[in-house]
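Open the model in your viewer and keep the sequence panel beside it.

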Amino acid sequence: MKSMFLTASAILALTGVSFAATAYINQVGYRTGDFKELTLFEGSGNVDFVDQSGQTVLSVTPSAAANWNGSGQSVQLVDFSALKTPGTYTVKVNGQEVRKDLKITDDAYGDVSKALLKWFYYQRASMALEEQYAGKWKRSAGHPDMGVAFHSSATGGSGTVDSPKGWYDAGDYGKYIVNSGISTYTLLSLYEHFPAYFDNLKWNIPADGSLPDLLAEIKYNLDWMLTMQAADGGVYHKLTTLEFCGTIMPNEDVDTRYIIGKSSTATFDFAGVMAVAARVYRKFDASYADKVLEAAKKAYEWGSANSNVYYKQPSDVATGTYSDNNSSDEKEFASVELYVTTKDAAYASTKEPSGSIPGWAEMSGLATYCKATHPDVFGDAEAAKDTLLSVADLYASRASTGFGVPMSKGDFYWGSNSVAANMGVWLLYAYYLTGDKKYYQSAVKTLDYLLGKNPLDMSFVTGFGSKSPKHPHHRPSQADGISEPVPGMLVGGPQPGGEDIGSQEWQCRDYRVNNAPAKSYLDDECSYASNEVAINWNSPAAYLAGALQAINAGHAPSFAVEGLIALPKVRPVARTVVGSPKVRFDTHRVYIESNGVRYDLKGNKLK
Ligand code: G3I
Ligand code: 9MR
């Protein structure tokens with residue numbers, strides 16, 4: 001039988017109504033000299049870029065429309081890299097104005113990259129946040145975590161232990177070793193890849209100057225993690241109350257906190273993180289490096305003898321579980337990192353490299369990073385590199401069509417924004433190892449997604465972009481009486497699981513969109529499954545934005561291929577450079593050479 005129904009577009013065509021085009025952009029901004037792309041929905045004709053004086057400075061024909069299974073939309077990609085003059089532009093599609101907020105600036109990611117890092121300061125337990133650092137988000141100290149008792153599940157623990165400091169995990173005030181593991185590792189790797197860049201970068205946190213800000217911040221959490229190790233080397237799973245508290249500030253949450261559980265996964269995560277920390281902190285504080293390395297070795301030993309002690313939530317506990325009944329990936333992560341630090345054959349590993357995107361329960365991809373970037377240490381570094389590149393090729397090919405992002409519909413689960421951010425990080429590793437621009441550009445596209453080039457048309461980082469989350473599930477932001485949420489937080493992001501939907505007063509209305517996982521999101525405090533924040537989500541976003549900043553400031557990881565860094569546009573260099581300066585680069589950095597003397601890009605003499 002012939003259909004008696006007309007399609008929506010046919011009706012609109014008959015009535016003469018046309019769809020309004022939407023242009024999805026990175027709302028925070030595009031870097032002047034960089035690759036630039038927006039995504040167009042329901043557009044027809046050319047896309048024009050109009051400057052403040054009303055002049056059309058660029059006109060682009062979009063790519064052919066393609067479907068994206070994340071949102072079920074048919075969209076076109078618009079490459080406007082040719083626009084290289086800083087400014088704010090209006091975007092017109094077929095003559096119709098669709099955006100006024102397209103920004104191009106030299107330092108587009110500068111503020112957001114620092115804010116993503118600074119958020120870890122806002123998550124600090126056991127100390128007050130002072131106005132000079134925290135601004136209007138200043139708050140009293142909460143959770144001293146001194147003399148904490150052991151829950152009966154924390155085997156071997158007796159009496160009490162002082163376990164202060166550390167970062168709150170997320171929107172709740174718990175401290176969980178498993179999630180601290182991947183978060184702390186990710187930030188440590190950012191420093192390890194770009195030490196010269198982060199030695200000088202500051203974002204106004206309390207620091208005595210003995211460490212760069214990034215390492216001072218990380219140490220605040222490492223110090224807490226160290227308190228979670230038992231005398232036998234095993235590591236307790238978490239430090240929380242028995243139940244989540246209400247919507248209150250840290251100092252108001254005075255329920256008793258316990259050390260709960262002990263697990264193989266927490267122990268191996270701890271071992272891997274401390275092994276990296278031993279390398280990173282050695283040049284600043286050798287005795288701290290020795291201490292964390294000893295802790296790593298003891299943990300590894302306990303984990304190896306107890307590799308299937310899995311966390312099971314006790315019946316009287318209701319806080320986050322981070323349970324995972326497979327510790328082989330955590331062990332692999334700990335093995336390779338301990339091997340790099342010690343070169344001790346006891347930590348050698350012969351596991352096949354994994355192509356799994358890293359996550360709190362899936363650490364094997366981090367071992368792939370480690371092997372692929374240490375060809376001098378691992379006999380199978382080439383195999384790890386092959387795996388890394390084949391996964392990166394898949395991400396890059398996805399990003400070359402559809403919405404221009406590496407994610408596919410199956411990637412939208414709880415914390416989807418961290419899946420995206422980790423894909424961006426993965427792509428950067430491929431770029432370091434090959435210098436192939438397609439990986440770099442795909443990483444930029446991933447950051448664009450997080451900052452607004454997505455079907456929700458919003459930046460997922462609080463305080464950044466024309467539209468950003470206003471009501472994250474984050475107790476301090478909900479309870480502090482300040483209308484703007486704490487800045488620099490990446491929310492979990494869209495996903496169709498709907499775990500927070502229900503009829504209780506603290507639950508959400510159904511916000512899922514059929515066949516559009518990438519639109520299944522609610523900017524409401526109730527939505528812990530799409531709008532919570534978490535340290536393991538901010539850390540890969542901070543890595544992605546921070547690494548792009550470092551690369552564009554002329555830095556590269558020591559293992560990167562020669563010529564990784566594109567020569568920057570030669571800008572007037574500091575007057576301290578005399579003679580006829582030439583911009584040069586080696587595997588580590590871009591520098592200026594003049595009369596046989598080398599300078600950094602600011603004109604400081606290099607050794
Ligand atoms: O990994 C699988 C994936 O392979 C599969 O395709 C997908 C589809 O179902 O599911 C994925 O598993 C999900 C897992 O997160 C991935 O990490 C689970 O469905 C999902 O339920 C699980 O959610 C976790 C959530 O706690 C509930 O346990 C989140 O990862 C985790 O980030 C979150 O953590 C909470 C802490 O417990 C407490 N503090 C706040 C924190 C953030 O919300
Ligand atoms: O705030 C909690 C958040 O961190 C967790 O991710 C989430 C799922 O475990 O639970 C939140 O707490 C809620 C609890 O589970 C049920 N009562 C209401 C709490 C606040 O929404």
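Two strands count as paired if DSSP finds at least two bridges between them. Keep that cut-off in mind for the opening stop; note too that this is a predicted model.

**The sheet.** Select residues 148-150, strand S10, and residues 258-262, strand S14. The two run parallel, and 2 bridges join them. Zoom in on Ala-149: Tyr-258 of S14 stands opposite. Now widen the selection to the open sheet of 5 strands, ordered S11-S10-S14-S13-S12. Its pairing is mixed. Which strands stand at the edges? They are S11 (160-161) and S12 (175-176). Each has a single partner strand, so one side of each lacks a neighbour in the sheet.

**The ligand.** Select ligand 2, which sits in the second largest pocket. Show the residues around ligand 2: Asp-172, Phe-244, Trp-414, His-473, Arg-475, Trp-506, Tyr-528 and Glu-532.

- His-473, from a side-chain N or O atom: 2.6 Å.
- Arg-475, from a side-chain N or O atom: 2.7 Å.
- Glu-532, from a polar side-chain atom: 2.7 Å.

Taken alone, ligand 2 exposes 450 Å², and the protein buries 70% of that.

**Two backbone stops.** Most residues other than glycine have a negative phi. Go to Glu-42, where phi is positive, near 60 degrees. Glu-42 lies in the loop between strands S3 (37-41) and S4 (47-50). Its relative accessibility is 31%, so Glu-42 counts as partly exposed. Finish at Lys-343, in the loop between helices H9 (328-342) and H10 (364-372). Phi of Lys-343 is also positive, near 60 degrees.

Notes:
Residues are numbered from 1 along each chain as its sequence is written. Chains are lettered from A and ligands numbered from 1 in the order in which they are written. This is a predicted model: local features need pLDDT of at least 70, side-chain atom pairs count only at pLDDT 80 or more; totals for chains, interfaces and linings use all residues. Side-chain values use heavy atoms; hydrogens and water are left out. Helices (H or I, at least four residues) and strands (E, at least two) are DSSP runs, numbered from the N terminus. Buried means under 20% relative accessible area, exposed over 50%, partly exposed in between (1.4 Å probe, protein chains only). A residue is near a molecule or strand if one of its heavy atoms lies within 4 Å of it. A polar contact is a pair of N or O atoms within 3.5 Å; within protein, one must be able to donate a hydrogen and the other to accept it, and residues adjacent in sequence count only if both atoms are side-chain atoms. Accessible areas come from the Shrake-Rupley method with a 1.4 Å probe; for residues, only the protein chains shown count as cover. On a 1 Å grid over the protein atoms alone, a cavity is a set of points where a 1.4 Å probe fits but cannot get out, and a pocket is an open set with protein on both sides within 12 Å along at least five of seven lines; lining residues have an atom within 4 Å of a point. A molecule sits in a cavity or pocket if more than half of its atoms lie within 2 Å of its grid points.
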